[in-house]
Amino acid sequence: MRVRGNDYRVLRPAEDFTPRLTVSVIVPAYGGQDKLDLALAALARQTYPAELIEVVVVDNGSTPPLRLPDTRPPGTRLIVCDRPGRAAARNAGLAEAGGDVVHWLDSDVLPAPGAVEAHMRWHHVAPYLVVTGYIRFTDVPVPAELPDDLEQAFEPAEPHGWIVELVERTDGLTDNPQRPFSLHVGGATSVAARLIEAAGPMDEDLVLGQDTEMGYRLAQAGAVFVPEPRARAYHLGPTMRMRDKERIDRVSHAFVADRIPSYRWLRSHPGRQWKVPYVTAVVDGTAGYESVRGTVDALLAGTLADLSVVVTGPWESLERERRAPLADPGLDLVLVHGHYLHEGRVRLCDTPVVDPAVPYVLRLPRGWAPGEDSLARLLDLCRDEGLGLVNVLLDESPHGVVAARLERTSAFARARLLARSGEDVDDVVDEVAGVTWVEGETYAFTTEPAAVTGRRGVLRARDEAQAEAARLAKEVERLRGQVGKWREEAGKWRKSTVELRRDVSALRRQLAAANRAQQSMRALLSTTVKRALGKRPRA
């Protein structure tokens, strides 16, 4: 069964499965003999067959040295690791482990009797799983002997709050979570041994955050992460993170930022380089000096600075002609090699070797270059839809199709784990993550990249834009002042208009009165004339 994304619900672990896989439980310890005794006693009670369990206890330099108690699983042995640190101790135990599954267990964690069986039920279904149990933290004093009923003895206890919140927020890590690898905690997590072989051991250079960083590399190797509530365990006392989260995050983030590219909020600097880049672009260095330079410079000048470029070519075979360099048949290769030899983000390789910890790989065909924002837009598409492969159609002719490819490393790692003999890996990627095609023109890919203006040009353009914005802001303020004056004038005009209308009304009344007086005078005059004419003597 092939899991798409992290939706492990398609897997159906059987309740009555036949155990056949071996498991190596690695228990690093530094002091705390009383807690270690209880942890080993809890492992001795597991329902998973004892003959399939080996326990490797790693004494990380305890004084006095640790010892194995009488009550322990039969396949238990004790080794010593003098290198300080939990990562070193776990790696020492890992080197001794021979199981099909590796189960990390802290020496102050007491697994319930069915915990290991709950883990192993999943591993019998698929060989690429990381299973994490549910740890509850108890403040009960450390007992002298392991209680018969852990729940009765240690409840009420506090859950692993941030894991519970992560699982609930992502519907059990099935709803396309961006960072399911955060579930990999060393207290009670089991991992398929073949995944650890592919991902590599824990990073001993880290001060804190080793569990999460290894979880990230397991995800890159194709892992599916499963929370298993029936794999319950009790932690004796609070964890260091619960006691001092802010200070732990401060230390952890300072180191994991270099190693976990998906922690984007820790990589806010616009131009920094990191140990593990977010994207590696692969460019054919034999395409000609101008063509290669146009492509590589376009990548380096893009809006996504968190990338590296691998330029492939027969660099080891170069023989520089000192007497007649212009006649050298390999002159273009020499120019590419010399141009990028000391560029920190460019590696010159004979084969396209990419660090498996890099989340995305962009493969560009000869002569094509992305636009300034092309790569960032493709990454948005890939992340938002959870895709494993984005094909960019650049050209199509009777001779075939020319395309660029943006590959999600984790999807291809899982596809290679699952692909049957002769099966196209891209088809498997389509099943486990999804594949799509887009038009190169839509994403501004070109065979004639624009000249790179450089950061001073960008700075100058920004300064000019800011100056123009300031000028326009002043103009807006000026116009606002002018509008205020116009409004004031308009108010005066309205007042004058009202007064004029009042005067006009008064004049109209006066005119009407004068007209009435005039009419009266005319009538009176007419009457007087008539009377005067009537009194004249007849001739």
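In these legends, a residue is called buried when its relative accessible area is under 20%, exposed when that area is over 50%, and partly exposed in between, using a 1.4 Å probe and protein chains only. The model shown is predicted, so that local features need pLDDT of at least 70 and side-chain atom pairs count only at pLDDT 80 or more, while totals for chains, interfaces and linings use all residues. Residues are numbered from 1 along each chain as its sequence is written, and side-chain values use heavy atoms, with hydrogens and water left out.

**View 1. A nonpolar patch on the surface includes Val529.** Val529 is partly exposed, because its relative accessible area is 41%, and this residue belongs to helix α15, which spans residues 454–534. Helices (H or I, at least four residues) and strands (E, at least two) are DSSP runs, numbered from the N terminus. Together with Leu525 and Leu533, Val529 forms a patch with about 290 Å² of accessible area, an area that comes from the Shrake-Rupley method with a 1.4 Å probe, where for residues only the protein chains shown count as cover. Patches are made of residues with over 30% relative accessible area and no salt bridge, with nonpolar side chains (Val, Leu, Ile, Met, Phe, Trp, Tyr) joined within 5 Å and like charges within 9 Å.

**View 2. Phe225 belongs to the largest nonpolar core.** A nonpolar core is a set of buried Ala, Val, Leu, Ile, Met, Phe, Trp, Tyr and Cys residues joined through side-chain atoms within 4.5 Å. The largest one has 67 residues, and those that touch the most other members are Trp104, Leu129, Leu195, Leu218 and Phe225. Helix α2 (residues 86–96) supplies the largest share of this core, namely five residues. Apart from this core lies another, of 38 residues, which includes Val311, Ala404, Tyr443 and Phe445. Leaving aside neighbours within four places in sequence, Phe225 has contacts (heavy atoms within 4.5 Å) with residues including Asn6, Tyr8, Val130, Leu173 and Leu218.

**View 3. Glu407 is a buried residue of a strand.** Glu407 lies in strand β15 (residues 400–408), and this residue counts as buried because its relative accessibility is 9%. The side chains of Glu407 and Arg405 are joined by a polar contact of 3.0 Å; such a contact is a pair of N or O atoms within 3.5 Å, where within protein one must be able to donate a hydrogen and the other to accept it, and residues adjacent in sequence count only if both atoms are side-chain atoms. Not counting residues up to four places away in sequence, Glu407 also touches several residues, among them Pro359, Tyr360, Arg363 and Phe412.

**View 4. A salt bridge links Glu431 and Arg2.** A salt bridge is a side-chain nitrogen of Lys or Arg within 4 Å of a carboxyl oxygen of Asp or Glu, and the structure holds 35 of them. Between Glu431 and Arg2 the N to O distance is 2.9 Å. Glu431 lies in helix α14 (residues 425–432) and Arg2 in the segment before β1 (23–29), so the pair ties together parts that are 429 residues apart in sequence. Glu431 is partly exposed at 39% relative accessibility, whereas Arg2 is buried at 16%.

View 5. Asp297 is partly exposed at 21%, and Arg293 is partly exposed at 36%.
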